[in-house]
Structures are given as C-alpha cells and as structure tokens.
Amino acid sequence: MKSIEKLPFDPEAFLAIVGQGRTITDYRKSQPVFLQGDPADAVFYLQKGRIKLTVISKHGKEAVIAICVAGHFFGEGCLAGQLLRMATAIAMSPCSVMRVEKASMIRVLHGESAFSERFVAYLLSRNIRIEEDLVDHLFNSSEKRLARVLLLLANFGKDDKPEPIIAKISQETLAEMVGTTRSRVSFFMNRFRKLGLIKYNGVLEVHRSLLNVVLHD
C-alpha cells in the first residue's frame, strides 16, 4: 500500500478557507467586529477592506490606535493572556474577516513553521510601525504627522503601488490618528490641496510630493 504524502502547509489557504476553528464573516461599513471589553477568545485576519481600532478612555475620549488593511491580523492579544478586548474594531468599509479561535491559532503556530514565521514577521513589522508612530508623536509637528498618516494610508513606502485613500475617512478619524483637532486637520488638508500635494475627486488621492512635507526639516 502506497503511503499518502502530506501536502505542504499553505498559510494563504489557511487564511482564505473556512475550516476547523475558522469562520469568515462579512461586515458592513461602521459595523463592529468586537467591542472594547468583549471577551478576547480569537484572532482575526482581514481578508478585504479596512478596520479601525479605537480605544475609549474612562473619561470618554476616543483615540484611533491603528488602521488595518487586507493582510493584517488584529485581536491577537488573546495569545498573550489578554482576557478582554482592549480596543474596539469597526469596519471602515465593507470587510471580509476570518475569525480564528484561540486554540486553533495556537495549534497552527506550534505545528506549522511557515505560518508562525509569517505571523512573527507581521508582529515585528507592526512593532516597528508602533515605534515609528511614537517617535513621530514625540518629535514631529501635527502637519508632518498628518502627512505621514496620509502616505501610510495610501500605501507609500510599501512594495505595492500607491492606492487612493477611501473618500469616507473622516477628518475626525484623521485627527484621532494624528493626535490633534479636527480644525487643524482641516487647515492642513486645505493647505495640502492648494499646494497640489493631494487631490479630491470622489476619492482622496495622495501624491508622492507629499513626502517632502515629512522629509523637510
């Protein structure tokens, strides 16, 4: 009797197909995936769309801590013993999200090196992004911080080609990401538009020349 060879593990297939401990859900714009304080019992993988992660303080002040795009994981705090969600995840556009139960996620991380390498690489890249965000907030003006946020949302600096930013990202959201007021964001957005650094025509387009705002001392 011939032995059946085990097919090599495919991380992409694992994150694309429903299976043991894995479900896929479509979310409407503004629909929450989970809320701050919910039980933390699964990791999520964004297949399509954009997700906003926000935190609300005891005094009701809201801050945007991350914008997730396709290919990002979120909610992985449960793997480090987090019992309750520390943030709220809300769809910024129609989204498809895979939910991987904690036990299934731990099992594949321990059993499949190809997947664990991909997951660790994502965590390291996100840690670098967090460090860059911290330096940005400590040393740069709100104008530079806004320019950097727009460039990141448009995917500049990545291997992929720059993409238009969805038109419906509000100035309130941008202000929460930058750490400034909506009026300041409005002022800088108008300035960027007059200088030809951004363009608005149904979608918000970010031009490469906006890099000069970030790089200029």
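How many helices and strands are there in the protein? Here are some notes to read beside the model.

1. **Overview.** The protein has seven helices and ten strands; these are DSSP runs, with helices (H or I) of at least four residues and strands (E) of at least two, numbered from the N terminus. The model is a predicted one, where local features need pLDDT of at least 70 and side-chain atom pairs count only at pLDDT 80 or more, while totals for chains, interfaces and linings use all residues. Residues are numbered from 1 along each chain as its sequence is written, and side-chain values use heavy atoms, leaving out hydrogens and water.

2. Of the 217 residues, 36% are buried. Buried means under 20% relative accessible area, exposed means over 50%, and partly exposed lies in between (1.4 Å probe, protein chains only). The accessible surface of the protein is about 13,000 Å², and carbon and sulfur atoms hold 56% of it; such areas come from the Shrake-Rupley method with a 1.4 Å probe, and for residues only the protein chains shown count as cover.

3. Look at helix H2, residues 102-111, where Ser 104, Met 105, Val 108 and Leu 109 are buried. Viewed down the axis of H2, these buried residues fall within an arc of 130°, so they line one face of the helix; the arc is that of the directions from the helix axis to the C-beta atoms. On the other side of H2, His 110 and Gly 111 are exposed. The cover over the buried residues of H2 includes helix H1, strand E3 and helix H3.

4. **The largest core.** A nonpolar core is a set of buried Ala, Val, Leu, Ile, Met, Phe, Trp, Tyr and Cys residues joined through side-chain atoms within 4.5 Å. The largest one has 26 residues, and Leu 146, Leu 150, Leu 174, Phe 192 and Leu 210 touch the most other members. Helix H4 gives the largest share of this core, six residues. Apart from it lies another core, of 15 residues, with Phe 14, Ala 40, Phe 115 and Phe 119 among them.

5. **Contacts to trace.** Contact means heavy atoms within 4.5 Å. Leaving aside residues up to four places away in sequence, Phe 192 touches several residues, including Glu 143, Leu 146 and Val 213. Ser 142 is found in helix H4 and is buried, at 13% relative accessible area.

6. **Salt bridges.** A salt bridge is a side-chain nitrogen of Lys or Arg within 4 Å of a carboxyl oxygen of Asp or Glu, and the whole structure has nine. In one of them, Glu 132 and Arg 148 meet at 3.5 Å, N to O. Glu 132 lies in helix H3 and Arg 148 in helix H4, so this pair ties together parts 16 residues apart in sequence. Arg 148 also meets Asp 133, at 2.6 Å, N to O. Arg 148 is buried at 14% relative accessibility, whereas Asp 133 is partly exposed at 21%. Arg 129, Glu 132, Asp 133, Asp 136 and Arg 148 are linked in a network of salt bridges.
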